[in-house]
Amino acid sequence: LMQKVDSGRSPGEILAALHAATGHLVEGSTGVLCLAIIDPGSMLLRYARTGEWPALLLRRSPDAPALACAEAVREVQGLRILEAAATLEHGSLILLYSDGVGRRGSMVRMMRRSRFERKLARLSAAGIVDVVLGKLSRRSRRRLDDDLTLVAVRMAPLETQDREAVA
């Protein structure tokens with residue numbers, strides 16, 4: 001995968017190649033994949049996904065509204081791929097989440113509110129994941145029958161940050 005990322009191919013082309021190489025390993029697989037590539041020099045996010053999930057939520061600053069990325073849909077080697085790009089700023093927050101999180105609409109509405117981001121502005125990306133998944137598990141009255149996957153990335157100037165745990 002890393003070799004393909006460095007090849008200059010688009011995220012959609014990389015996902016199609018990955019699916020072609022590994023799709024036969026998972027019986028009945030529809031190729032539900034996501035790849036996000038962030039170039040810290042140009043502050044550009046490029047991503048592609050297959051299927052409805054994982055979804056992406058992008059907020060450029062705590063006071064800015066959540067941005068919807070306009071996804072282009074195309075077929076590559078029989079695989080339906082949704083692909084988009086967005087320019088980031090320092091302070092941008094990127095959340096990628098699976099259907100286990102996304103199907104709980106109240107959580108997604110909460111994450112979209114600017115109040116959520118302002119409240120958590122001082123937390124690391126790993127801290128945001130802990131808060132959101134903690135709220136989800138506390139709100140669930142029954143056993144969760146789906147995975148809860150949430151990846152958070154906060155863009156910050158390198159000189160102001162220490163190393164942070166990967167969420």
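Helices (H or I, at least four residues) and strands (E, at least two) are DSSP runs, numbered from the N terminus.

Now the ground rules. This is a predicted model, where local features need pLDDT of at least 70, side-chain atom pairs count only at pLDDT 80 or more, and totals for chains, interfaces and linings use all residues. Residues are numbered from 1 along each chain as its sequence is written, and side-chain values use heavy atoms, with hydrogens and water left out.

Some totals. The chain has 167 residues, and 38% of them are buried. Buried means under 20% relative accessible area, exposed over 50%, partly exposed in between (1.4 Å probe, protein chains only). The accessible surface is about 9900 Å². Carbon and sulfur atoms hold 52% of that surface. These areas come from the Shrake-Rupley method with a 1.4 Å probe, and for residues only the protein chains shown count as cover.

Next, contacts, meaning heavy atoms within 4.5 Å. Take the contacts in the chain with a separation of 6 or more: 66% of them involve residues 24 or more positions apart.

On to the sheets. Strands of a sheet pair through backbone hydrogen bonds, either parallel or antiparallel. Here, two strands pair if DSSP finds at least two bridges between them.

Sheet one. 4 strands form an open sheet, in the order β1-β2-β5-β4, with antiparallel pairing. Which strands stand at the edges? β1 and β4 do, each with a single partner strand, so one side of each is left without a neighbour in the sheet. Neighbouring strands are turned by 20 degrees against each other on average, direction ignored. For such angles, axes are lines fitted to C-alpha atoms, for helices over the stretch in contact, and angles run from 0 to 180 degrees between N-to-C directions.

Look at β5, residues 79-87. 7 bridges join β5 to β2, residues 44-50, and the two run antiparallel. In that pairing, Y47 has A84 of β5 as its bridge partner. β4, residues 72-76, is joined to β5 by 5 bridges, also antiparallel. There, R74 has I81 as its bridge partner, and V76 stands opposite L79.

Stay on β5 for E83. Is E83 buried or exposed? At 14% relative accessibility, E83 counts as buried. A polar atom of the E83 side chain lies 2.8 Å from the backbone nitrogen of G12. For reference, a polar contact is a pair of N or O atoms within 3.5 Å; within protein, one must be able to donate a hydrogen and the other to accept it, and residues adjacent in sequence count only if both atoms are side-chain atoms.

Sheet two. 3 strands form an open sheet in the order β3-β6-β7, again antiparallel. The edge strands are β3 (55-59) and β7 (150-154), and each pairs on one side only. The twist averages 15 degrees from one strand to the next. β6, residues 93-97, pairs with β7 over 5 bridges. L93 stands opposite R154 in β7.

Now L95, in β6. L95 is buried, with a relative accessible area of 1%. What does L95 touch? Leaving out residues up to four places away in sequence, its contacts are A55, L56, L57, M111, F116, I128, L150, V151 and A152. L95 and I128 are 33 residues apart along the chain, and their C-alpha atoms are separated by 9.6 Å.

That leads to the cores. A nonpolar core is a set of buried Ala, Val, Leu, Ile, Met, Phe, Trp, Tyr and Cys residues joined through side-chain atoms within 4.5 Å. The largest has 20 residues, and L95, Y97, M111, F116, I128 and V132 touch the most other members. β3, β6, α4 (105-112), α6 (125-139) and β7 each supply at least two residues. α6 gives the most, with 5 residues. Another core lies apart from it, with 11 residues, among them M43, Y47, L58 and L88.

Last stop, M43. M43 is found in the loop between β1 (34-39) and β2. M43 is buried, with a relative accessible area of 11%. Phi of M43 is near 55 degrees, a positive value in a residue other than glycine.
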